Amino acid sequence: MTRLLIALLATTAATPALAQHGGHAQPAPAPTPATTCTPEHAAMGHCTIPAAPAPAPAPASTCTAEHAAMGHCTMSPTPAPTPAPAPPSTCTAEHAAMGHCTMEQQPATDPHAGHAMPGQEADPHAGHQMPGDQAAPPAPPVGPPPPGAFSGPEHAADTVFGAGQMDPARRELIRMHGRMATSRLRAERLEVGFGDGEESYAWEADFFYGEPLDRVWLKTEGEGAFGGELEHGEIQALWGHAISPFFDLQAGLRYDFAPDPERAHLALGIQGLAPYWIEVDAAAFLSDEGELTARIEAEHDLRITQRLILQPLVEVELSAQDIPELGIGAGLSTTEAGLRLRYEIAPEFAPYVGVEWEQAYGRTASFREAAGEDAGGVRFLAGVRIWF
Amino acid sequence: MIDRLALDRRSVLRGAATGAAGLAFSGLFPAWAQTGSPGIRPQMQTLSGTDIRLAVGYSNFRVGGRSGHAVTINGTIPAPLIRLREGQDVRIAVTNTLEEDTSIHWHGLILPFQMDGVPGVSFPGIRPGETFVYEFPVRQSGTYWFHSHSGLQEQQGHYGPMIIDPAGADPVAYDREHVIVLSDWSFLHPHQIMHKLRQEAGYFNRQRMTLAGRLSGDPEHQMSAEDRRMWAEMRMDPTDILDVNGTTYTYLINGHGPQENWTGLFRPGERVRLRIINAGAMSIFNIRIPGLPMTVVSADGQDVRPVTVDEFQISAAETYDVIVTPTEDRAYTFVAEAMDRSGMGRATLAPRLGMTAAVPPLRDRPILTMRDMGMGGMDHGAHGGGMDHSAHGGSAPAASADEPAPMSHDMRDPRNAPQVDLNPGVDMIAPAPVDRTGDPGVGLDDVGHRVLTYRDLVSLRPNTDRRQPTRTVEVHLTGNMERFMWSFDGVRLSENPEPLRFERNERVRMRLINDTMMAHPIHIHGHFWELVNGHSGNQPFKHTVNVQPGGTVDLDLTADAPGDWAFHCHLLLHMHAGMMRVVKVRPMDGGAA
């Protein structure tokens, strides 16, 4: 889009207008009669040879150390820099090409222009030492500051403005550079499902607030059938602390408000980004009835285009024991595998369609079958992912 | 010497009476930045002389048909040009009409520490309604700029150019000059930009590698399967080049968007000096003028030996002066392409207003390489002692090149950077960083024409301090891309780290080691570094040094400015995230300055 716009711009006919010509009026410089434009001169940008937009091949004077090292030209060995003041009368073409003086461009009023830089007594070849050929000694060792560096007042500005003014400013400086907290509310899934003649709904959302290494998290998820009861609904409140560049340890509470009977859990898990860009959220839960369960969720964003993203997702539920009243059996209780294709109208707003296959195993499957339900099934999904 | 005035009636009256450089400046742009500018001429309303008054305030800024909230100096983006002369004294009274603190830092100026304008380091800041008078002798010449050092105001328009004419004759001859201030404007509030990056890393990157791109054969999306696997394994995105880019930015040239097409005039045959300043908050630009070679004559305000190139990269806060000599009666397009090719600033140089030239399309977005990951010393070890960090350049034998055993390939091996606090805020330690001053910058390795590198810069003025540095100070540039955390040595300024301490007049070698895969323009206040680039004796002077991804830069420093100074990454949000330190030079008294 941007490219197209720029390209279109170029073709736009602009309105000609009378231009003001104000050249030659600057305070410092003077007019430049570019009368003799030699290739060398041109190569240095001092003038331009008509009909030769590309500069002439590098003349000897532009033989840099790097060039020489690559065999593109040869350099004569040069002595170490020896300050040798160049009188104005010796402004040769070579000299000018090095930028040490300027031929012909001098304002008539100042014949010494170009030699007026403080310390301008440069050897013209001073910069041509090969890197590391002889002159560059090894870097000195890493060391602590000398004692003098610790002398004097700790805060220089206090001597001028007083600590009374500087202390609050310093606290603000510290706070300003690295302490910014952020929040995000994200509904990763807000969806309806179709399948087995039953329409269902599901959500999964989270919120965080804090600095990058320490965050408070709220998470909620749930599902149910339209016209039926809420099958599962939970909310978690967690504290998250970074334990590695890509992972946070999260600890806190989980409360299930559906199904009946309700449960409260202690929650401990990790959330982060595994190699190959796999987002992982794995947690273990210990309920107020002493039941231990675990849930592992992994997903990956496969970018088909900049906006179209395919997201495979796998979720595994485990239990350490049978929980008949909740229909959960020991061991691997359920797996879920989903595939969602979303289109990011904006990164924050993406509708999607998808499909999900859920399967119960072992005693969990038996509990379901005993209740007249299927142990597994496929649902088709439509939903939206939103964050802000 | 230091005045701290409340904005009372008296000072307002005095300001009105002085009349020099009016407080309120009419017009959308300062005169020098208006399109169709014939160049900077003395009759134009620049701010100069010994008494200058500036007012920081809220303004509306209009670009591309939209209007947004801005923080400006004297009401314009960019601010009025301040033009001084080497050797003069200047008093600059800055009045804060905002409802928050502000400040102005004079970027690249050598001045007393309390005039440097960094709240909490050099002074307390300028509170709402107050006026602070900066007063300092002007001891240098060249192209500089100034900007806020408070909050994120710089991103909102709080910046402007400064030219200091040399006391003697200018070694650079020119017939006409234009100031070209590059910047980045967003209608998002800068805090919002930072939030987005913290909420979703890579939020602004809409140029990622995609499956469709891969299948289409688009060169932007091609990468060997092994490379792709390696990047994915490391959870790094080879297209993450600029955190904030053309997705939200309108790139400005002298406050004009691409459509507004700022135009600077010339007469064919003239030597035109372009004073190019990158005032972008988060932007690195590639500069070229198709059809017109540029002769670089100055870098960061310091004269260098002329070197002619077709393109150069300018990192945030750097300045370059170039001479162009258009001989034809035609227009030329000045292209400031964002380093990640997500957009461009565009201006025109033309003999007459209204003329335009073709605007080249954006080139293919570059893809970072293993060299950008700090593995340059592994495949290039034999070419120049990249593996060897005890010596600069090729002085060390490359014997260790085929045997990288002592160097771990691990992307986060503490042995590769013992001084770094390897906390979760550090996602990577470059296993084999190399001196990249000979590289032209991300995306410019193979553009088919001459591109400037840091090794092309040779100071016109010989280095005066020829002492060998007595110690090395290493600073690792560290971060966590996914969490949008940035730091030095793994520690953010908010963790109140030990300052960098130098003894006054100490000669130090600083080695900046970029352990991230982003370029970082590192700026030191109150001093110029000498860039160690092989031109011993004429090492170029720099106030801001772009450290390329996975690269190192060696710098010689004469710590001759007593006081406290800021040292930070000049990508505004990186600094805001903590990539900053205080530099302390002591003792304060005694000893010749």
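A nonpolar core, for today, is a set of buried Ala, Val, Leu, Ile, Met, Phe, Trp, Tyr and Cys residues joined through C-beta atoms within 7 Å. Buried means that 20 or more other C-beta atoms lie within 10 Å of the residue's own, exposed means 12 or fewer, and partly exposed is in between, with C-beta atoms placed from the backbone.

Some housekeeping. This is a predicted model, where local features need pLDDT of at least 70 and side-chain atom pairs count only at pLDDT 80 or more, while totals for chains, interfaces and linings use all residues. Residues are numbered from 1 along each chain as its sequence is written, and chains are lettered from A and ligands numbered from 1 in the order in which they are written.

So, confidence. The model scores ipTM 0.88 and pTM 0.83. pLDDT is the predictor's confidence in each residue, from 0 to 100, and chain B averages 89, with 88% of its residues at 70 or above. Two stretches of chain B stay under 50: residues 1-27 and residues 380-407.

On to the fold of chain B. We have six helices and 33 strands, taken as DSSP runs numbered from the N terminus (helices H or I, at least four residues; strands E, at least two). Of the 593 residues, 66% are buried. A contact here means two C-beta atoms, placed from the backbone, within 7 Å. Among chain B contacts with a separation of 6 or more, 76% join residues 24 or more positions apart.

Which residues have the most contacts inside the largest one? They're Val296(B) and Leu512(B), in a core of 181 residues. Strand S3 of chain B, residues 51-63, gives the most to this core, six residues. As for Leu512(B), beyond its neighbours within four places in sequence, its contacts include Val475(B), Ile522(B), Val547(B) and Leu555(B).

Let's stay with S3(B). Strands pair if DSSP finds at least two bridges between them. S3(B) runs parallel to S6(B), residues 89-96, over six bridges, with Ala55(B) bridged to Thr95(B). With S4(B), residues 66-73, the pairing is antiparallel, over eight bridges, and Val63(B) is bridged to Arg66(B). That S3(B)–S4(B) hairpin has two residues between the strands, and Gly64(B) takes a positive phi near 60° there.

Last, a stop in chain A. Ala346(A) sits in the loop between strands S11 (331-343) and S12 (349-360). Buried or exposed? Exposed, because Ala346(A) has 9 C-beta neighbours inside 10 Å.
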